[in-house]
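Here is a protein model to explore.

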Amino acid sequence: MKKSPTVTLQPQAVRRIAGRYPFGHSGDIARADDGIQPGEVVNVKGPDSSKVIARGYFNPQGATPLRLLTWTDEDIDLKFYRARVKAALARRAGRIVNTDAMRVLHAEADGLPGVIADQFAGTLGVQLRNAGVERHRDLIVKALREETGATSAYERSDIGERRKEGLELVTGTLWGDVPDRVEFFEDDLKLHFNPMDAQKTGFFLDQRDNRRLMRGFVQPGAGFLDVYSYTGGFSLHAAKAGAKAVAIDKDSVALGALEGAARGNALQVGVRWGDAIEQLDALVKEKRTFGAIVLDPPTLAKRRDDVPRTKRIFTDGAARALRMLDSGGHLLISTCAHYIRVDDLLDAARVAAAEANTDAEVLDVTYQPADHPHLLSVPESLYLKSILLRKA
């Protein structure tokens, strides 16, 4: 093993981290060698042993100082990163179908804390989130280029998490000729986005399975409401199946992209710009009805303390949605917040149904797709949860 500085754990942290949990917090660390640079690879030991139990990035100034990479005796070099990318691609082989877009790396769940990589046809969108991957950026970028075969790649490392790591925000081209309009397909839809205007790495691939699920409930000519639509993936699928789709979002650029995508697919989608709850109130007053509705807000609970307030937002939105939903219609309520549990969604929906003076059957609970893996050892890797209801 390459000689590296050492971080020693508190006794109570040893079992958890030896059990392949990839995060070491400030209270887990008993001591660290002097002079460790932000993002440097360290050996991790218990307080009463000289045995190395793991290796990972260490950032003394980071909100999460220790991020574990491996529990075996191996160097963190180009060979290591190539093997992680290759293994991630192998796990996805044959599991992501009828599209040329997928998530290639899902951070800790693919053994690379802080690396997100989404591929759209021949173009890769990359996000590097912490000091460790920033320190090894050249190796990681080289591994991605060699293993994915992408002809171009761009970086969208412009998230607040980097500031917590003491890093600047970074965007731009990583290699190749990145198009202004990245194009890909999902089933029978042609989709696109501008890589520098879009949120995160460009498109929310994690709702792919739910888009297909909700499309299956569309009755031609019936109304379909897409609340917090962003660029309207749900709306486009519904319109392709013959629904009269309406999308609500407060991001005018995203709604403009949706209108462009609709035109490109010879579809019509109505758009309503503004606050979701205000727009829902307006639709209720207009006595609009819909055969299917999606309620998919952005991450509203970034801390555990945010959960009660967030549940109330879900209740407010779901109550209004249920008032407009046809009898026998379907409502999908979805959250991308780790701290919101399935039970929280069910509680919010139960209160909403009472407020709407109706009842609903729980048909299904869904989670994130196969290219966004959830590891048992990393509870935080389960983030996308959705409940599917049918109105009585």
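How many nonpolar, polar and charged residues does the lining of the second largest pocket have?

## The second largest pocket

By class, that lining has nine nonpolar, two polar and five charged residues. Here Ala, Val, Leu, Ile, Met, Phe, Trp, Tyr, Cys and Pro count as nonpolar, Asp, Glu, Lys and Arg as charged, and the others, Gly among them, as polar. The model is predicted: local features need pLDDT of at least 70, side-chain atom pairs count only at pLDDT 80 or more, and totals for chains, interfaces and linings use all residues. Residues are numbered from 1 along each chain as its sequence is written, and side-chain values use heavy atoms, leaving out hydrogens and water.

The pocket holds about 240 Å³ of space. Of its 16 lining residues, Arg84, Glu108, Asp110, Gly111 and Leu375 lie nearest the centre. Helix H2 (78-92) and strand S6 (66-70) each give two or more residues to the lining, and H2 has the largest share, with three. (Helices, H or I of at least four residues, and strands, E of at least two, are DSSP runs numbered from the N terminus.)

On a 1 Å grid over the protein atoms alone, a cavity is a set of points where a 1.4 Å probe fits but cannot get out, while a pocket is an open set with protein on both sides within 12 Å along at least five of seven lines; lining residues have an atom within 4 Å of a point. A volume is the space filled by probe spheres set on the points, which are joined across faces, edges and corners. There are two cavities of 30 Å³ or more.

The largest cavity has a volume of about 50 Å³, and its lining has seven nonpolar, two polar and no charged residues. For the second largest cavity, the volume is about 40 Å³. Tyr228, Ile277, Leu295, Pro297, Ile313, Phe314 and Gly317 line that one, and H10 gives the most, with three residues.

## H10 and its partners

The axes of H10 (residues 307-324) and H11 (residues 342-355) come within 8 Å and cross at roughly 45°. Axes are lines fitted to C-alpha atoms, for helices over the stretch in contact (heavy atoms within 4.5 Å), and angles run from 0 to 180 degrees between N-to-C directions. H10 and H11 are therefore oblique to each other.

H9 (residues 276-285) and H10 have axes that come within 10 Å and cross at roughly 20°, so H9 is roughly parallel to H10. Angles under 35 degrees count as roughly parallel, over 145 as roughly antiparallel, 65 to 115 as roughly perpendicular and the rest as oblique. In this contact, Ile277, Leu280, Asp281, Leu283 and Val284 of H9 meet Ile313, Asp316, Gly317, Arg320 and Met324 of H10.
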